[in-house]
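Student: I would like to learn how to read a model like this one, feature by feature. Could we go through it together?

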Amino acid sequence: MLVFIIKKLANALLVMLTVALLAFLIFRLAGDPVDMMSTEQTTQADKELLREKLGLNDNFLVQYTRFVGNAAQGNFGISYRNGQEVLGLIAERFPATMELVIVATILSLLVGLPLGVLTSIKRGAWYSEILQFGSIIGVSLPSFVVGILLILVFSVSLGVLPAFGRGDVVELGWWSTGFLTRTGLLALILPSISLSLYQVTLVMRLVRAEMLEVMRSDFVKFARARGIPRFRIYFRHALRNCLMPVVTLTAMNIGTLIAFALITETVFQWPGMGMLFIQAVTFVDIPVMAAYLCIVSFIFVFLNTMVDILYAVIDPRLRGAK
Amino acid sequence: MSIQSTPQRPSLIERIRRSDLWWSFSHSVPARFAAVLLTVLVLSAFLAPLIAPQNPYDAMQLDMWKSELPPIWVEGSEWPYILGTDTQARDMLSVMLYGTRTSLLIGLAAVSFSLVIGLSFGLIAGYFGGVVDNLLMRVGDVVLSIPTILIAILVSAIVRQMLPPDLREIGASAVLVLAITLSGWVQYARTVRAQTIVERGKEYVMAARLLRVPPRRIMVKHILPNTLTPVFVAATLSFGMAILTEATLSFLGIGMPPGQPSLGTLIRIGNQYLFSGMWWIVIFPVMQLCLLVISVNLLGDWLRDALNPKLR
């Protein structure tokens with residue numbers, strides 16, 4: 001068991017080191033930082049001095065090790081654009097993105113689970129067919145299109161919901177929350193729906209497939225023979241056995257949602273990490289880009305590793321694998 | 001298998017008509033609907049120079065007096081601008097047909113390149129195993145540990161930065177193809193690798209190896225054809241994904257420039273006029289993109305079920 005955990009952790013570490021290497025390479029590929037920082041008046045001697053000060057004359061490996069060391073301590077340098085600490089910039093935007101992602105995740109479970117159960121037990125009914133067909137459309141609609149359509153309907157035509165921004169936020173220490181004000185909650189509605197739609201269809205399709213499998217199993221037949229009410233069989237017996245893959249999917253997809261949030265954030269002008277990243281991309285603000293890449297990948301890898309380890313704790317058969 | 005025993009080999013059309021796939025196709029409403037829709041979209045996009053009322057790339061044909069016209073059924077419209085014009089006086093229908101063509105070409109190129117890379121890596125990793133396998137699959141692990149959209153954005157942003165400024169407009173589509181290819185090849189590599197490992201142990205591969213057929217020939221001529229069914233399904237579905245990724249990148253402003261718009265660029269432009277009342281600038285490209293991706297995904301979905309032996 002311990003060996004398995006160590007192996008998984010080592011693997012995760014290796015992946016993170018490679019991601020850090022990629023982030024580090026971005027700096028190299030995008031041109032000479034000294035040229036970006038200097039103006040026409042900078043003399044050659046000044047440039048050399050700056051180069052020495054930034055440690056750009058050291059060899060590749062030394063620079064990379066330094067980058068990883070700094071990144072591990074949360075030091076991602078200073079933004080080229082406005083000269084602020086990158087970590088501070090991201091920390092300021094982090095709560096906005098996380099609240100959006102959390103609400104979208106909860107929404108995907110609240111809507112996806114019942115719909116999945118419904119389409120599996122009422123197979124062939126017209127509304128199940130429509131939902132099944134609709135789920136393909138849900139997967140096909142890009143999230144920015146969903147956002148635009150929602151804005152057109154609820155903000156432009158009906159004028160009932162805000163189309164951009166976060167509303168009023170309350171500061172709780174360093175975390176700023178939109179959960180506590182009316183405008184904050186209203187502002188959350190459209191972005192979280194547009195972010196969660198894809199996830200809803202994924203959960204629904206997964207639950208449907210799993211339920212169809214479980215409903216064929218012997219224990220469900222036995223429960224039926226015992227005369228347990230159908231509703232109870234569906235939700236207490238069958239659904240419980242489908243929850244494992246759903247939980248896995250949800251946990252693993254939080255990383256994906258954070259990445260996809262950058263599209264939603266752009267559509268709704270939501271002041272989160274994603275918008276910071278997109279602005280950084282347009283201004284070629286490399287430290288911010290590199291930091292965002294590292295942080296999102298870290299969350300992604302962390303969740304995946306946790307799920308793998310938890311699986312092994314729960315199900316000993318998986319410990320032998322790999 | 002011997003051709004002599006059947007004097008008349010059925011023609012290609014006859015063989016297609018008798019196949020299981022055709023039977024499944026002709027009995028699936030969504031599949032036929034999607035096929036018709038996709039055919040119309042693809043044909044109209046590639047015939048755009050012939051059927052579009054205007055060439056949106058040709059500034060000579062743009063008449064600034066005719067900008068911001070509404071669609072033909074709304075008051076204040078003008079023939080032949082059936083779907084209206086945008087703020088640069090481009091006919092919406094024409095610019096959309098050309099945009100669809102751009103989106104289709106980029107998607108097609110990206111899927112083809114990821115197929116080539118993915119198939120080669122998967123075959124080599126699966127056939128040789130050992131260190132090569134380990135190395136190639138670890139590379140895949142890293143790619144999979146970064147969300148695809150993030151890879152595509154980063155690649156496209158950085159490669160564009162590396163290009164000299166006067167090449168950025170022209171090279172935009174190549175950059176997009178590269179970005180989507182690099183973010184999409186891993187799934188093919190994994191699929192083919194898994195299948196290759198299974199096939200490698202079978203008798204026909206043993207026989208070929210005993211006959212000293214060179215490994216490259218075994219991989220390409222013997223193993224590859226047996227791994228293609230799942231790859232075919234994956235390719236159809238990821239063609240839809242590629243179109244979406246391209247649209248997303250263009251929407252975010254790191255894809256096709258406004259001068260040679262794809263559907264994503266058009267939606268980006270339209271999004272700026274969301275509150276101006278000119279709904280036609282954004283709605284039509286949005287609808288076109290959705291129809292395109294939905295038809296591709298419906299076909300992919302049907303293909304996955306039709307080729308799945310478990311569901312027969």
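This is a predicted model: local features need pLDDT of at least 70, side-chain atom pairs count only at pLDDT 80 or more; totals for chains, interfaces and linings use all residues.

Student: Where is Gln269(A) placed, and what is its phi near?

Tutor: Most residues other than glycine have a negative phi. Gln269(A) has a positive phi, near 50°, and sits in the loop between H10 and H11 of chain A. Helices here are DSSP runs of H or I with at least four residues, strands are runs of E with at least two, and both are numbered from the N terminus. In chain B, Arg212(B) likewise is not a glycine and has a positive phi of about 60°. Arg212(B) belongs to the loop between helix H9 (203–210) and H10 of chain B, and is exposed, with 6 other C-beta atoms within 10 Å.

Student: How many helices and strands are there in chain A?

Tutor: Chain A has 12 helices and 2 strands, and from the N terminus its elements run α-α-α-α-α-α-α-β-β-α-α-α-α-α. Its C-alpha trace spans about 90 × 60 × 35 Å along the principal axes. Of the 322 residues in chain A, 37% are buried.

Student: Is Val307(A) buried, exposed or partly exposed, and what is it in contact with?

Tutor: Val307(A), which lies in helix H12 of chain A, counts as partly exposed because it has 16 C-beta neighbours inside 10 Å. For contacts, two residues qualify if their C-beta atoms, placed from the backbone, lie within 7 Å. Leaving aside neighbours within four places in sequence, Val307(A) is in contact with Thr248(A), Ala251(A) and Met252(A). The C-alpha atoms of Val307(A) and Ala251(A) are separated by 7.5 Å, although the two residues are 56 apart along the chain.

Student: How do I read the packing of two helices, say H5(A) and H11(A)?

Tutor: Axes are lines fitted to C-alpha atoms, for helices over the stretch in contact, and angles run from 0 to 180 degrees between N-to-C directions. Helix H5 (residues 86–121) of chain A and H11(A) pack at an angle of about 130°, with their axes 7 Å apart. Angles under 35 degrees count as roughly parallel, over 145 as roughly antiparallel, 65 to 115 as roughly perpendicular and the rest as oblique. H5(A) and H11(A) are therefore oblique to each other. On the H5(A) side, Leu89(A), Ile90(A), Arg93(A), Phe94(A) and Thr97(A) meet Met273(A), Gly274(A) and Leu276(A) of H11(A).

Student: And what is the angle between H8(B) and H10(B)?

Tutor: Helix H8 (residues 172–200) and helix H10 (residues 215–251) of chain B pack at about 160°, with their axes 9 Å apart. That makes H8(B) roughly antiparallel to H10(B).

Student: Which residues touch the most other members of the largest nonpolar core?

Tutor: In soluble globular proteins, nonpolar side chains tend to be buried together. A nonpolar core here is a set of buried Ala, Val, Leu, Ile, Met, Phe, Trp, Tyr and Cys residues joined through C-beta atoms within 7 Å. The largest has 155 residues, and Phe277(A), Met289(A), Tyr292(A) and Leu293(A) touch the most other members. Helix H5 (residues 92–128) of chain B gives the most to this core, with 17 residues. Setting aside neighbours within four places in sequence, Leu293(A) is in contact with Val19(A), Ala23(A), Leu150(B) and Leu154(B).

Student: How many residues of each chain are in contact with the other?

Tutor: In this model, 37 residues of chain A are in contact with 36 residues of chain B. H7(A) gives the most to the side of chain A that touches chain B, with 7 residues.

Terms used: Residues are numbered from 1 along each chain as its sequence is written. Chains are lettered from A and ligands numbered from 1 in the order in which they are written. A residue is buried if 20 or more other C-beta atoms lie within 10 Å of its own, exposed if 12 or fewer, and partly exposed in between; C-beta atoms are placed from the backbone.
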